[in-house]
Amino acid sequence: MERRVVVVDFGGQYAHLIARRVRELGFYAEVVPYDALKPEDVSGAGAIVLSGGPSSVLEEGAPRLDPSLLERALREGKPVLGICYGHQLLALELGGRVERGERGEYGSATLEVLADDPLFSGTPRVQRVWMSHKDRVASPPPGSVVLARTEACEVAAFKLAGARVYGVQFHPEVGHTEHGARILENFLRGIAGLEPSWRPEDAVKGIVERVRAAYKGGNILVAASGGVDSTTAAYIVKMAVGPDPIHLVVIDTGLLREGEAERAVSTLRSLGFKHVHLVDASREFLSALRGVVDPEEKRRVIARVYFEVLERKARELSAAYGEFRYLVQGTIYPDRIESGRAGRGSDRIKSHHNVTLPERLGLELIEPLADFYKDEVRRVAKALGLPEELVYQHPFPGPGLAVRVVGEVTEEKLRIVRRATSIVEEELRKAGLYRSLWQAFPVLLPVKTTGVKGDARSYEYAIALRAVVSEDAMTAEFAKLPWELLERIASRIVNEVEGVNRVLYDVTNKPPATIEYE
Ligand code: XMP
């Protein structure tokens, strides 16, 4: 895409947060790993942002940019903004000096703007910014101007004189930086001269055309969950090629919520899909999961059985309808990040079921949403007229309730967590808080505790309640739900769900905890 903003990824999750912010401001951004950046990426960019990263530029083997690429950017007059690690790298490459800080600077800091520059236009001279660094730029590159400082950081922002090249030590992409969005916008619009015209909805037309052009006939298999991602992906494919070749397979893994599989089937039918097939494979999943305790092993087992069931169904369907050539998946950007598929620097955290779905079926993958963030998928889904209930539904992990039963999964435990899930969702909707949360769900702990029910001693399971606020699941804060609501949920669970006598509320953020328990 012409005039795109290229966010160069130096590891961690900074680059994706920056790209999201840039897109929110209406400029199309793509993340490119630092060691995959090509000369044409530089030449084709409307602006280049060098992201933060967990490394130290002073370390041997720290990620560096091929110097010829930076030269090219300068020669071609590209606007460049280095953030945090990118700021230090830029300073170093341009002849400045970076040194190891003694204490570092973490959290909120007061930034003092020292010069009148378009980067800070419309923002006050003194403002709150978010800092997270140990090293610091000790002297800026020759021919540059220091634009701002904090108490711990003399060169909190600099500009290369006569060029559109900037470095900022703080993180304009995080919400804690008061005027971060304005600073990014100043850079992209005021300095780089880009026009904010990108909307995810508008990208759909191009995607539909690409799918249509790539489609060479044959049947299309969709592993549908009824969630917003896979449904929107399938819907886009339907827009491209019509409903006839599309077969959606909804697999009831036995790990779904109450009535979920049937609901998925009826929603999909109501959206005009002709071939929706429900496969009940719950027994198969349950027996494969017997004795499995390790979370990653659970994911592997589920992915394997899922694939076997899907493959079997695909063979059956091709006997009836003709050959399958494509597989549609609702993979989105964060799925790729968390599974370590995008951005070289990110560690593999959890192997996500929808990504590991093997390609052995010999099918070509269609992933229409692979470059979208969740909030963008929702915007697209809404623009396409998909039902609100679907659009604003909380994400539900591929391995389902299996990762919400800590330890071995049994039918009994699934029954408990399933019933409790319905109660939690119902109460949140009633309280009008469902949509304000990223996710909220109960988790069955492998712990029994003593309680008293009626007059008798009980010895039953404890449930942890997890409710988080997040923008993209990469980071999350526990939700500060009202006590009365928590009390109502807890009391309903212990009264209505047999086998539970205690409910705990989880007050940890991500990081360091993840959202799911496994
Ligand atoms: P964590 O638990 O890593 O989750 O903080 C981040 C987001 O991803 C979802 N999640 C999964 N989704 N397959 C999925 O499709 C999985 O194996 C999986 N594990 C976690 C989780 O619900 C949250 O939204």
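Visitor: Is Phe 10 buried or exposed, and what makes it count as such?

Guide: This is a predicted model. Phe 10 has 2% relative accessibility, and buried means under 20%, so Phe 10 counts as buried.

Visitor: How many aromatic pairs are there, and why is the pair of Phe 10 and Tyr 85 called tilted?

Guide: A search of the whole structure gives 9 aromatic pairs. In the pair of Phe 10 and Tyr 85, the ring centres are 5.3 Å apart, which is within the 6.5 Å limit for a pair. The planes stand at 45 degrees; stacked needs under 30 and edge-to-face over 60, so the pair is tilted.

Visitor: What makes this a link between distant parts of the chain?

Guide: Phe 10 is in the loop between strand 1 (4-9) and helix 1 (14-24), whereas Tyr 85 is in helix 4 (residues 85-93). The two are 75 residues apart. Tyr 85, at 1% relative accessibility, also counts as buried, because the cut-off is under 20%. Phe 10 and Tyr 85 form one aromatic cluster with Tyr 34.

Visitor: How do you know that Tyr 28 and Trp 198 form a pair, and which type is it?

Guide: Their rings are 5.0 Å apart centre to centre, within 6.5 Å. Tyr 28 lies in the loop between helix 1 and strand 2 (29-33), and Trp 198 in the loop between helix 5 (180-191) and helix 6 (200-214), so the pair ties together parts 170 residues apart in sequence.

Visitor: Why are Tyr 28 and Trp 198 given the burial class they have?

Guide: The relative accessibility of Tyr 28 is 11% and the relative accessible area of Trp 198 is 12%. Both values are under 20%, so both residues are buried.

Visitor: Where does the charged end of Lys 238 sit?

Guide: The charged end of Lys 238 sits over the ring of Phe 273, 5.3 Å from its centre. The distance limit is 6 Å.

Visitor: Where does the largest pocket lie, and how do you know?

Guide: Domain 1 (4-191) and domain 3 (411-505) both give residues to its lining, so the largest pocket lies between them. Its volume is about 900 Å³. Of the 27 lining residues, those closest to the centre include Leu 17, Thr 475 and Lys 510. Helix 1 gives the most to the lining, with 4 residues.

Notes: Residues numbered from 1 in each chain as written. Predicted model: local features only at pLDDT ≥ 70, side-chain atom pairs only at ≥ 80, totals over all residues. Heavy atoms only, no water. Phe/Tyr/Trp six-rings, centres within 6.5 Å; stacked < 30°, edge-to-face > 60°. Buried < 20%, exposed > 50% of the residue type's maximum accessible area, 1.4 Å probe, protein only. Lys NZ or Arg CZ within 6 Å of the ring centre and 35° of its normal. 1 Å grid on protein atoms, 1.4 Å probe; cavity = no way out; pocket = protein on both sides within 12 Å on 5 of 7 lines; lining within 4 Å. Points joined across faces, edges and corners; volume = space filled by probe spheres on them. Domains from an automatic or database assignment.
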